[in-house]
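Welcome! Take a moment to look over the sequence and the 3D view, and then we will walk through some parts of the structure together.

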Amino acid sequence: MAEDTRLRPVKPAKAAKDPESTKPQKLADPERASIDLATQEMILRAQELGIETVFDRAESMKPCNIGTQGTCCKNCAMGPCRLPLPKSGIEGKDERKGLCGATPNTIAARNFIRMIAGGAAAHSDHGRGVAEVFMSAAHKETDAYKIKDVNKLLSIAPYFDVATTVEVDGRQLDRDIDEIAVEVGEKALNEWGKPEGELAYLKRAPAPLYEKWKKNGVLPRNIDREIVEIMHRTHIGVDQDYKNLIKQGTRAAIADGWGGSMLATDLQDVLFGTPYPLQSEANLGVLKQDHVNLVIHGHEPILSEMIVAAAQTQEMVDYAKSKGAKGIQLSGICCTANELLQRHGVPLCGTFLQQELAIITGACDAMVVDIQCIMQNIANVAACFHTKLITTHPIARMEQENVIHIEFDEHHAMEDAKRIVRMAIDNFKNRSAEVMIPKHKHVQIAGFGVESIEYNLGGMFRGSYYTLNDNIINGRIRGIGGVVGCNNARTRHNEGHIEVVKELIKNDVIVLTTGCNGIACAMEGLLTPETAAVFCGPGLAEVCETVGIPPVLHMGSCVDNSRILLAATEVVKAGGLGKDISDLPAAGSAPEWMSEKAISIGHYFVASGVYTVFGVTLPVSGAPVFQKYIFEEFEKLYGGMWDLEVDPVKHAQKMIAHIDKKRKALGIDKARQRILVDMADRRDMSAV
Ligand code: BF8
């Protein structure tokens with residue numbers, strides 16, 4: 001299993017041997033912790049070395065029961081006020097109150113929309129960072145970044161009222177690209193703080209959805225304002241009506257999905273290229289014993305794009321060889337990984353829960369992190385090995401002494417990137433521990449987007465969503481499932497992700513994935529066209545085999561959930577499946593969510609008309625009235641609503657039941673019944 005290079009034994013991690021701890025450290029059972037063999041091997045390896053991981057910490061520390069219910073208020077110093085649901089679960093005349101009189105519904109709604117604010121801020125601030133680099137590129141202040149995808153720039157310009165042609169002598173001529181880029185950049189940046197009006201991208205939504213938002217008073221004015229207003233409204237003594245609180249949460253979530261996240265995706269596509277399908281690999285087995293392993297981790301691809309470029313230069317490859325390595329192996333964790341995968345085919349090293357494990361292989365010569373989903377404990381783990389851990393973003397630093405900070409600046413991005421690559425190469429010879437890289441990895445096809453789905457399903461000459469719609473209408477494809485989101489150490493790693501996705505594709509539901517679900521599916525081998533014959537129902541298998549696509553389409557990082565919104569909009573536009581996203585036979589899911597970003601994503605999907613099921617837990621169970629409002633009554637307002645289902649098969653079946661409800665409403669349920677055949681029928685047919 002392992003390729004061993006014994007140099008010197010690893011020092012046990014301090015965190016694992018806390019002298020002040022009076023309790024024995026509980027260790028995770030690898031098989032109960034993850035379904036993934038590489039992960040199981042590395043959890044065991046960590047335990048052999050005495051290095052604590054998130055899986056062990058999840059055994060030692062249980063979550064707070066009241067926080068889990070969403071009814072702990074710590075918004076002022078009279079609290080925290082803890083309002084657990086009575087053991088009977090029956091509220092009766094609910095007399096639970098905080099010191100100020102806040103009810104469980106007020107507290108749960110406040111906490112919920114503060115999570116939306118956190119998630120929307122993270123996505124949107126990422127988008128702002130991209131917009132600033134975009135402006136530098138448009139102004140030609142940096143050699144490192146250029147406008148790469150002119151077509152994408154021209155396609156988004158009209159949403160900002162930026163002209164792409166100019167009239168000369170009565171004729172319309174193409175306008176200068178640099179001029180367009182500067183104007184788009186200026187108008188895009190304005191979206192974060194413009195003093196009046198509404199977000200420019202809202203009109204990209206189907207007209208009935210836009211009208212619903214308008215009628216319900218949730219059209220976002222600008223991105224920052226909606227997030228700030230949540231913080232104001234949830235301060236003690238401000239908004240005390242759960243319906244009014246979640247209304248602002250809805251406004252901020254829309255500002256994320258149809259604002260900050262969508263801008264991040266579009267501007268990244270213009271700067272770095274719109275993704276098209278490509279082949280790569282996934283899981284810890286992508287690390288190479290005889291190469292310099294440089295692992296990129298986080299969410300913002302701006303510096304990592306330069307690292308890819310730097311690592312591919314002959315100068316760096318020669319330098320790596322001069323130090324005894326066969327080459328440089330780049331790989332990634334979390335959504336920076338998804339970004340570089342979809343544009344360059346950089347392999348995925350692992351999910352959010354595998355970040356410590358990548359270092360524990362002993363083969364990680366440098367890990368470069370930017371923002372979001374970076375566990376503080378990776379610095380403790382890195383201290384047990386030779387790994388250089390490098391933070392690069394001014395807003396995301398680490399206190400541990402072994403962490404190196406190289407602050408990214410777009411004006412010297414290539415120099416920074418080369419410095420980091422050189423640092424990793426120089427560190428190759430310092431591998432101090434036995435290297436143990438699990439063999440497990442899987443081939444994947446990733447890089448799907450709104451444009452590539454149109455091309456893949458419609459063909460070069462009549463690229464359109466009509467083929468997809470046609471196959472939904474005729475029933476070969478039962479519906480669309482958007483399955484996204486994190487891993488959560490409170491549940492078995494990847495089990496929920498994989499079981500939900502397998503149940504969906506078995507029932508002819510095509511899956512669009514992003515984030516850590518995309519990584520999990522890649523690790524499991526679900527992102528290959530060959531998967532279709534093995535796991536899909538006959539209708540979906542037939543479509544995938546004919547067109548040559550996987551049944552699970554990886555659409556990128558978590559900000560790229562905006563691609564799913566736009567793909568759904570294209571399906572509506574192609575016709576035959578209703579007039580709004582809420583009419584589509586489609587449902588959303590985050591089986592193993594954990595981050596505030598997931599709550600913001602979930603809520604903008606709900607507000608866009610999508611029935612959205614979360615796994616693990618949802619912090620609203622202590623406030624049944626508020627929960628009922630977003631689980632049931634929301635459907636009347638937006639067409640979409642929340643749900644919670646911990647069991648992955650039931651989770652998928654709830655999505656399928658919703659899809660079938662929508663098929664019936666569209667009058668296309670009969671078409672599906674006619675072509676329904678099971679595996680035995682298929683065998684009989686092929687025997688004839
Ligand atoms: O933004 S899915 S664990 S990596 S938060 Fe984080 Fe969740 Fe993974 Fe990407 Ni998204």
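Buried means under 20% relative accessible area, exposed means over 50%, and partly exposed is in between, with a 1.4 Å probe and protein chains only. This is a predicted model, in which local features need pLDDT of at least 70 and side-chain atom pairs count only at pLDDT 80 or more, while totals for chains, interfaces and linings use all residues. Residues are numbered from 1 along each chain as its sequence is written, and side-chain values use heavy atoms, with hydrogens and water left out.

**An enclosed helix**

Helices (H or I, at least four residues) and strands (E, at least two) are DSSP runs, numbered from the N terminus. How many of the residues of helix H13 are buried? In H13 (residues 334-344), 10 of the 11 residues are buried, so the helix is largely enclosed by the rest of the structure. Among the buried residues of H13 are Cys334, Cys335, Leu340 and Arg343. After H13 comes Gly345, with a positive phi near 75°.

**Around the ligand**

Cys334 and Cys335 also belong to the surroundings of the ligand, together with His299, Phe352, Cys373, Gly485, Cys486, Cys516, Cys558, Met594, Ser595 and Lys597. To be counted here, a residue needs one of its heavy atoms within 4 Å of the molecule. Two of these residues make polar contacts, meaning pairs of N or O atoms within 3.5 Å. The table gives their distances.

| Residue | Atom in the residue | Atom in the ligand | Distance |
|---|---|---|---|
| His299 | polar side-chain atom | oxygen | 2.6 Å |
| Lys597 | polar side-chain atom | oxygen | 3.0 Å |

**A covered strand**

Now find strand E13, residues 479-483, where 5 of its 5 residues are buried. Gly479, Gly481 and Val483 lie on one side of E13, Ile480 and Gly482 lie on the other, and both faces are covered. Two strands pair if DSSP finds at least two bridges between them. E13 pairs in the parallel sense with strand E14 (residues 509-513) over 5 bridges. In this pairing, Val483 stands opposite Thr513 of E14.

**Backbone angles to look for**

Most residues other than glycine have a negative phi, and most peptide bonds are trans. Which residue in the loop between E13 and helix H19 (495-506) can we look at here? Asn494 lies in that loop, and its phi is positive, about 75°, although it is not a glycine. Asn494 counts as buried because its relative accessibility is 2%.

Asn283 is also not a glycine, and its phi is positive at about 115°. Asn283 sits in the loop between strand E5 (278-282) and strand E6 (292-298). Why is Asn283 called buried? Asn283 is buried because its relative accessible area is 1%.

The peptide bond from Gly79 to Pro80 is cis, with omega near 0°. Pro80 is in the loop between strand E1 (72-73) and strand E2 (81-82).

**Out on the surface**

Finally, Met78, Leu99 and Ile236 form a nonpolar patch on the surface, with about 290 Å² of accessible area together. Ile236 is found in the loop between helix H9 (223-233) and helix H10 (242-272). Is Ile236 buried or partly exposed? Ile236 is partly exposed because its relative accessible area is 31%. Patches are made of residues with over 30% relative accessible area and no salt bridge, where like charges are joined within 9 Å and nonpolar side chains (Val, Leu, Ile, Met, Phe, Trp, Tyr) within 5 Å. A salt bridge is a side-chain nitrogen of Lys or Arg within 4 Å of a carboxyl oxygen of Asp or Glu. Accessible areas come from the Shrake-Rupley method with a 1.4 Å probe.

Technical notes
A polar contact is a pair of N or O atoms within 3.5 Å; within protein, one must be able to donate a hydrogen and the other to accept it, and residues adjacent in sequence count only if both atoms are side-chain atoms.
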